[in-house]
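Reader: Please take me closely through one part of this model, the place where the two chains meet, and give me the cut-offs behind each term as you use it.

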Amino acid sequence: MNDVLGVYLCSGCGIGDAIDLDKVEKVAAKECKAKFVRRDGALCRAEAVDRIKADVLREGVTRIVVAACSPRHCGATVEIDGALVEVASFREHLAWSHEPRNEDTDMLAEDMVRMAAVRVQKAEPLERFPAPEGFAFTVLVVGGGLAGLTAVDALARLGTKVVLIEKADRLGGWANGLAAEVPIAAPYEAPQASPVPALAAAVAASANVTVYTGRTIASIHGAPGLFDVTLSGGETFRVGAIVQATGAVPYDAAKLRHLGAGNPDVVTAADFEAMAKVGRFVRPSDGRPAESIVFIQCAGSRDAEHLPYCSAECCSVTLKQARVFRTANPAGKAFIIYKDMRTPGKLELFYKAAQDDPGVFLTKGTIAAVTPADGTVRVDVTDTLLGEPIRIAADLVVLATGMVPSTADTKTAPILNLDYRLGTDLPDTKYGFPDSEFVCFPYETRRTAIYAAGTVRHPMGAAEAIADARGAALKAVQALTLISQGMAVHPRALDLSYPDFGLMRCTQCKRCTEECPFGALDEDVKGTPMPNPTRCRRCGVCMGACPERIVSFKNYNVNMVSAMIKAIEIPEDGDEKPRILVLMCENDAIPALDIAGLNRRTFSSFVRSIPVRCLGSVNVIWINDSLASGFDGVLLVGCKHGDDYQCHFIKGSELAEKRMENVSEKLKQLALEKERVQIREVALTDYDRLPGILDGFVETIRDLGPNPFKGL
Amino acid sequence: MTTFRAVQPDLEFIADVRASGGETVKRCFQCATCSVVCAIAPDRAPYPRKEMIWAQWGMTDRLAGDSHVWLCHQCNDCSAHCPRGAKPGEVMGGVRAALIKRFAVPRVLGEMVHDLTYLPIVLLIPAVLLYALIQQFGYWGIPDGEVEYAKFLPHMALEPFFGGMFFLMMFSMFLSGRRFWRAVCAGTAMPTGEVAWTKATWDTLVEVLTHSRFKRCTESKGRFWGHISLFYGFAALFFVTGVVVIFAVLGLYPLTLWHPLKVLGNVAGIALLTGTALLVMDRADREAGGQHAYFDWFFLILLLVLGTTGMLLVYFRLIVETPEAAYPTYYVHLVAVFLTILYLPYTKFAHLYYRFLAMVHARMAGIPTGATETAIKAA
């Protein structure tokens, strides 16, 4: 290797005042063998960057270490053509967060340069992953309702080829049965016509769209860009990405006996919509016109016995139905008994307008009984806002039933029929909805290039479903654009690296294939992994899983991190100068540390932190290496896992936690305290807490005393 | 065993409330901000939150038996703070208007005064009665000589006619007041027996004279000054008129311009007009962009006509001495007096006794007169 290393130190922003940069220069030149070590008062200046570029061009520098501010806060020197760059965050992680002009701080500075130098020297230039043959840019949209049609329309207008599959014989979905739609446009005051017929016509007329009605999916083989689809009618074609907009179905009202289900004059919102569509509001029992109608909200929703969640749209649907009824019958009375009126977003205006109707009567209340009485349905309500329990003699009762996702039962009734080892369909997060973590990753799902949109994803109204479908359409286009160029998608969008498998040494243990959160690794009969690179998100979970350490990225691998660990200088005196290795997730923990530094929050100078792609990519060998080389403790800092996980790779931090159990065993064998290796969860917003977490761990280790293997 | 109240919304009542200033009634979503900000609502079961939903649901019986409707002085602190634009203060006014119509004896008069389409009949009744009276006992035309209104309608006809009518009005007031009292006792609370009706009445009278509760309104100081000016102007005019009737019977009439009674009457007339003008401005301001409350405007315009014609009578008689203008003005003034005094139980004026009775009832039933009363006393 004829790599030439250049180390560039910035002394601006107080770095030069806090750190003895002469010492750092010495380490860079002598230990790291840097050919050039240069210092500048502000490396972010164009002149300073030009000088680095000149070194690359004229002096043949191929590896660069920049010791300056965090690349998240200054991008001036992150990319230099012709060389690989590694940034040591001297400003946030060092000068602004440690005691200035201090021996321990200077030692940290030296170690940071050692680690960065090793990292950049061990890295290899990235090569674009070759685009697979037969890569398809067509998007498959499953479901021809409001969300599906909106997605198709958006895609077609972007010039993308789309295949639309609808299991019914005609397009339209749920909207086909509607008398009117909840308002989706300003002024949001009155029910409006559904946009679906116009959308269906536009979609049918588009040259970019192929429509299959009366079809379901028999199977989908392959990976993003290469999905081979077979329909129930035997049709086959290839698509690149998939948008699933299969919607939701109403909750089974027959289970709501306590709300009067079984009485013919107690109907569901869907039944009532059918009445509204033909404009005949009559009692099913005797055909008499219904003058007085009670709407019962949350019928089965927000109910531990039925659907524990809010179905989001029922309140607006009821308001719409009350309005449609009142318009048809100005003498009619519509009573609405709710738990809470929930009309998200602009629908509050609809609620307000519906309230203003003198014949609409609203109260919060608990339904005590719904019983037949003298040719009416008697509805008894307690806990009302009227100050006393009330009794309404209704001609008709309408149960506002909630939404059950169409994916609720994919185990017995698969929809996508994917041949992923993880299952035939999108995995669900809660209650059968294939939702995404909504704060950090809206629109994402856990299958690369397969997106859910509309009520299948989580309960929502028409306006939200339209926005959701457009979002999913854009995500599909984005995914195909990136993947076709060999790049990763969310959350490492644009990343050109990809895992190499040194299969010669594979022992077919199947850990990588089983642990990959995205099902990127199939197996052959023996259990050797068969990568589907276009499914891969570059998290490195396979790398963390592999006991043979045969998985590697060109710029991130087991040897590289092991070498970084070994490059750190371990002082003999473990009591005075302990060393703590912190493996920090790049997604939340490292940015949180940046913010802590920006806020001048200080933390122990005994900490040596190494960024990792995900805690799931942490190979246990690194912990062995660090304890063997004399580190007194190891801390893993990653994202929250569990029900409301924030792990960007879904289960990386959870896997790390599991692997820690094996580490504990190992520690026991070595007669080391298991407290020496621990794991912590932080979110970006925990930047204020993070220095305390680090200091607390350092204290724990000091209490335990130095690593007895130090110096051996 | 839970007892359930059978609910049957009274759509006509809701329509009445909406037509009389409460067009926003249905917008309330029961957050109870109104009850919290109200300076005069009692601590327990404060208004107007509960009245808002009763009105939304057309629960006429509930509202008829609710004394709180009348304890409200329409300060509109609640309307200013309502996050939903439901204007509870205005709605309470609308509820009172709708209730005045329902308590009225005979009910048909209540309905007529409430409805613009009946305005011609409402005006024709006094116009025709007074015309007949003048035809019979006075001179329907412009009498000769200096202006003396008795020439147009002699005291011997005027006083018995108005006296008789006044008695009928009092009887109607008594019947509707009794109906109201019973409803409130049944619907809100029975008198506890701890406070004698005499003391309750005396205390209420003091409160009315000092406007002590009205003073606590913070949003509409204009209404306070308007009302107190109108109140004392009207009371003084009522007193002066009563004394003048005695003077007239004793033959001491007419009085000169500078007679103390005359001066008091003129000052009171100006006070009445000023007060009414303030209230008119306040109402116009509150209704800006909204629907007009006919029931309120009827009474305000009536007071304006009453005050203006009253002042013009003096002007035409003593200052410019123009009989051609004086006698027609007198006729209009008599019609206005009739409408004000004798339609009292059917117009907004009826709040005079409903509110008085409600305040007496509140004292006898032990309903505190205001959440902040203790706080005010402490301050």
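Author: Between chain B and chain A the count is five salt bridges, a salt bridge being a side-chain nitrogen of Lys or Arg within 4 Å of a carboxyl oxygen of Asp or Glu. One of them joins Arg27(B) to Asp356(A), with the closest N and O atoms 3.0 Å apart. This is a predicted model, in which local features need pLDDT of at least 70 and side-chain atom pairs count only at pLDDT 80 or more, while totals for chains, interfaces and linings use all residues. Residues are numbered from 1 along each chain as its sequence is written, chains are lettered from A and ligands numbered from 1 in the order in which they are written, and side-chain values use heavy atoms, with hydrogens and water left out.

Across the same interface of chain B and chain A, 19 residue pairs are in polar contact, both residues being at pLDDT 80 or more; such a contact is a pair of N or O atoms within 3.5 Å, where within protein one must be able to donate a hydrogen and the other to accept it, and residues adjacent in sequence count only if both atoms are side-chain atoms. On the side of chain B that touches chain A, β1 (5-6), α1 (11-19) and α3 (49-56) of chain B each supply at least two residues, and the largest share, four residues, comes from α3(B). Helices (H or I, at least four residues) and strands (E, at least two) are DSSP runs, numbered from the N terminus. By residue type, that side of chain B divides into 12 nonpolar, five polar and eight charged residues, where Ala, Val, Leu, Ile, Met, Phe, Trp, Tyr, Cys and Pro count as nonpolar, Asp, Glu, Lys and Arg as charged, and the others, Gly among them, as polar.

As for extent, 25 residues of chain B are in contact with 27 residues of chain A, contact meaning heavy atoms within 4.5 Å. The area buried between the chains is about 2,300 Å², of which carbon and sulfur atoms give 57%; buried area is the accessible area (1.4 Å probe) that two parts lose on being put together, summed over both. Phe4(B), Trp57(B) and Arg84(B) supply 32% of the area that chain B buries against chain A, more than any other three residues.
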